[in-house]
Amino acid sequence: MATHYLEFEKPIAELEAKIAELSHLAPTSGSFETEIAALRKKADALRVKTYANLDPWMRTQVARHPQRPHLVDYLDSLFTDFVELHGDRQFGDDQAIIGGLARFRGQPVVVMGHEKGHDTQTRITHNFGMARPEGYRKAVRLMDMAEQFGLPVLTFVDTAGAYPGLGAEERGQAEAIARSTERGLTLGVPSIATVTGEGGSGGAIAIAAASRVLMLEHSIYSVISPEGAAGILWRDGARARDAAMAMKITAPDLMAMKIVDRVIPEPLGGAHTARETAIQSVGDVLEDELKTLSTLSADQIRKARADRFYAIGRLG
């Protein structure tokens, strides 16, 4: 898979293109080992410097990177015996949210999350991760099942927001999001939400009202997209960068405000540069958090979750 470089990574891309060119010429034009080594060192140093100084808009671009691991990648690497459950038993099956029963490192769980797709066809199939009401009603169905059988719930959040189309509104999008959020808050089993890319608006919180909320280092989590905020504040979506800088949507900001509980470090350059390493890091943190939550009773889980959300925004 060809590497997709972001706008702010162009200087790195130029160095790596030169490295590739010299590597290609080496067999026929003599050795360029010294030159290649020097360029690699320079590219590595530039990448370290760049990623040590990301602003919120740069992080937004990393969170949206098309090669970033998606739900299906986490399912393939972290879970076994996955059985997908389809439909909301009311209208249809929304493929923007995929979920079912699985084993996570040997432990039975309910797992679900947004799936954006990785190419044109799958992105259309999964509606770019923007769920309709039936997706959130499917989520409620899965959470009901988890409580019935005493299974932990693991959710993976990666959406620009819930689908705003006419059909979704006609079928009760707001009510479906509210019901899903409510069900997450009242679960008597451990629940852990991980923001792996974009955590956009109610479409994200609907499956992120969990006992613990985790974020990958370069993911974002916000009440509205930077473009949407710019459109409201300045009537100019082109000012998305200004909005991102002001909104406090990055993992460090959200940790400071106690909106998320833990930040999971990513490989240098983002999760897409070492996908399996990033995925396994998420798995290790999930395993650690589950061990802690598994010692609590249903009443303790509900109280701790309520206390967690009531504390957000509290002054003093």
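Visitor: Which residues is Gln-173 in contact with, leaving aside its neighbours within four places in sequence?

Guide: Ala-131, Arg-132, Pro-133, Tyr-136, Ala-162, Tyr-163 and Ala-168. Keep in mind that this is a predicted model. Gln-173 itself belongs to helix H8, residues 173–186.

Visitor: What makes Gln-173 count as buried?

Guide: Its relative accessibility is 4%. The cut-off for buried is under 20%, so Gln-173 gets the label.

Visitor: And how do you know that the side chain of Gln-173 has a polar contact with Ala-131?

Guide: A polar atom of that side chain is 3.1 Å from the backbone oxygen of Ala-131. The limit for such a pair is 3.5 Å, so this one passes on distance.

Visitor: Let's move to H10. Why are its buried residues said to line one face of the helix?

Guide: The buried ones in H10, which spans 226–234, are Pro-226, Ala-229 and Ala-230. Looking down the axis of H10, you find them within an arc of 100 degrees, so they line one face. There's a general rule behind that: an α-helix has 3.6 residues a turn, so residues three or four places apart point the same way.

Visitor: What do the buried residues of H10 pack against?

Guide: Helix H3 (56–63) and helix H11 (240–247). Just past the end of H10, Arg-235 has a positive phi of about 55 degrees.

Visitor: Now the rings. Why is the pair of Phe-79 and Phe-104 called tilted?

Guide: Take distance, then angle. The centres are 5.5 Å apart, and pairing asks for centres within 6.5 Å, so the rings pair. The planes are at 45 degrees; stacked needs under 30 and edge-to-face over 60, so tilted is what remains.

Visitor: What makes this a link between distant parts of the chain?

Guide: Phe-79 sits in strand E1 (residues 79–84) and Phe-104 in strand E2 (residues 97–104), 25 residues apart.

Visitor: Which residues have the most contacts inside the largest nonpolar core?

Guide: Val-110, Met-112, Val-153, Met-215 and Tyr-221, in a core of 25 residues. Helix H6 (133–149) is among the elements giving two or more residues to this core, and H6 gives the most, with 5.

Visitor: Last one: why is Arg-105 called partly exposed?

Guide: Arg-105 has 36% relative accessibility. Buried is under 20% and exposed over 50%, so Arg-105 falls in between. Arg-105 is in the loop between E2 and E3, and has a positive phi of about 50 degrees although it isn't a glycine. Lys-248, in the loop between H11 and H12, has a positive phi of about 60 degrees and is partly exposed at 46%.

Note on methods. Residues numbered from 1 in each chain as written. Predicted model: local features only at pLDDT ≥ 70, side-chain atom pairs only at ≥ 80, totals over all residues. Heavy atoms only, no water. Buried < 20%, exposed > 50% of the residue type's maximum accessible area, 1.4 Å probe, protein only. Helix = DSSP H or I, 4+ residues; strand = E, 2+ residues; numbered from the N terminus. Arc of directions from axis to C-beta. Contact = heavy atoms within 4.5 Å. Polar contact = N/O pair within 3.5 Å; in protein donor to acceptor, adjacent residues only side chain to side chain. Core = buried A, V, L, I, M, F, W, Y, C linked by side-chain atoms within 4.5 Å. Phe/Tyr/Trp six-rings, centres within 6.5 Å; stacked < 30°, edge-to-face > 60°.
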